[in-house]
Amino acid sequence: MKSQDKSQVRNFYDSVGWKLEADNFYQNARYEDLRPVSSEYIHRCHLRVNRHLRRKGRFLLDAGSGPVQYPEYLTYSAEYDYRVCADISILALLEARKRLGNKGLYVVADVSYLPFKTDTFDSVVSLHTLHHLPKDDQKRAYRDIFRVMMPGAAAVIVNGWPTSIFMNRMSRLVGLMERFMGMFKHEQKVETPVPAKDSEMVSSTPAVTGTFTERMDAATIRVELPELTIDIRVWRSVSVRFLRAVIHPWLGGKLWLKLIYRLEERDPHHYGLIGQYPMILIEKPKGSSS
Ligand SMILES: C[S@@+](CC[C@H](N)C(=O)[O-])C[C@H]1O[C@@H](n2cnc3c(N)ncnc32)[C@H](O)[C@@H]1O
């Protein structure tokens, strides 16, 4: 069953997710809000990851790297000798090589069975990947990421929660705005293509992404992985569905996003728990080893 899930995920990314479409975006980018009105907020959220990584080092592991699709992702390894991209999709790695060239090392691997020596990496990132694994393998992946970290290293894992208290509170507004926007559907100029389904909904409805997904909540992560010291902070508290429905230039969208960002900065732990996307931060204490 598990290997079927994984080969389904791999096939999806090899044949759909990492295919470049006519406008030069990957199919996978349809799950992001690429409109100019949201770009500054999204850019600043991407850069949050840097705060928790070692700035320099020899090896940074990107577990489930995909093609390293956004320019901000390159900043994580800017001062590293090598970025090790591990992914089950060969197409992801071929595309990543176009961006990283010789700075990248490319390994077809399952993130729950990392083929690396213990205590190897100065930093680890894993972005929007672990939710593709069944729960037991997710736990394995967390432990394996910890194992390959050097003592003193940090890992930043970004994944959506199964449900978000903040987004649930906004669901009525989102519904109203969607209905309102629907009335003008034919007259609107579509700035970026919209996927058939948003990958993360404001309710706990399972995501329809064409791939297997399973999401763990904060309590489960802490209970199931008691040996790891985990800090949870906000990566981005709003969903793509919220952005598309509520944030528009003609409604002061940039200002609203500045306000949301400021709130997130003021209380990153709170918004990490109630928002849509947390950063799960793991540190390996100096002097310890797996
Ligand atoms: C949503 S994409 C995210 C890619 C990239 N991290 C990003 O944020 O753009 C998920 C990636 O995880 C990879 N993936 C899924 N399951 C995996 C597994 N068990 N081991 C390694 N990679 C996996 C997929 O092939 C895909 O490239």
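Glu224 counts as partly exposed, at 24% relative accessibility. In this predicted model, Glu224 takes part in a salt bridge with Lys139, and the closest N and O atoms of the two are 2.8 Å apart. Because Lys139 belongs to helix 5 and Glu224 to helix 8 (residues 218–224), the pair ties together parts that are 85 residues apart in sequence.

Lys139 also forms a salt bridge with Asp136, with 3.6 Å between the closest N and O atoms. Both of these residues lie in helix 5, where three residues, about one turn of the helix, separate them. Lys139 is buried, its relative accessible area being 14%, which is under the 20% limit. Asp136, at 46% relative accessibility, counts as partly exposed.

A salt bridge also joins the side chains of Asp137 and Lys6 (2.5 Å, N to O). Asp137 lies in helix 5 and Lys6 in helix 1 (residues 2–17), so this pair ties together parts 131 residues apart in sequence. Asp137 and Lys6 are both buried. In total, the structure holds 24 salt bridges. Elsewhere, a network of salt bridges links Arg48, Arg51, Glu264 and Glu265.

The loop between strand 4 (121–127) and helix 5 (135–148) contains His131. This residue is buried, with a relative accessible area of 9%. When neighbours within four places in sequence are left aside, His131 is in contact with Gln138, Asn159, Phe212, Thr213, Glu214 and Arg215.

Methods
Residues numbered from 1 in each chain as written. Predicted model: local features only at pLDDT ≥ 70, side-chain atom pairs only at ≥ 80, totals over all residues. Heavy atoms only, no water. Helix = DSSP H or I, 4+ residues; strand = E, 2+ residues; numbered from the N terminus. Buried < 20%, exposed > 50% of the residue type's maximum accessible area, 1.4 Å probe, protein only. Contact = heavy atoms within 4.5 Å. Salt bridge = Lys/Arg side-chain N within 4 Å of Asp/Glu carboxyl O.
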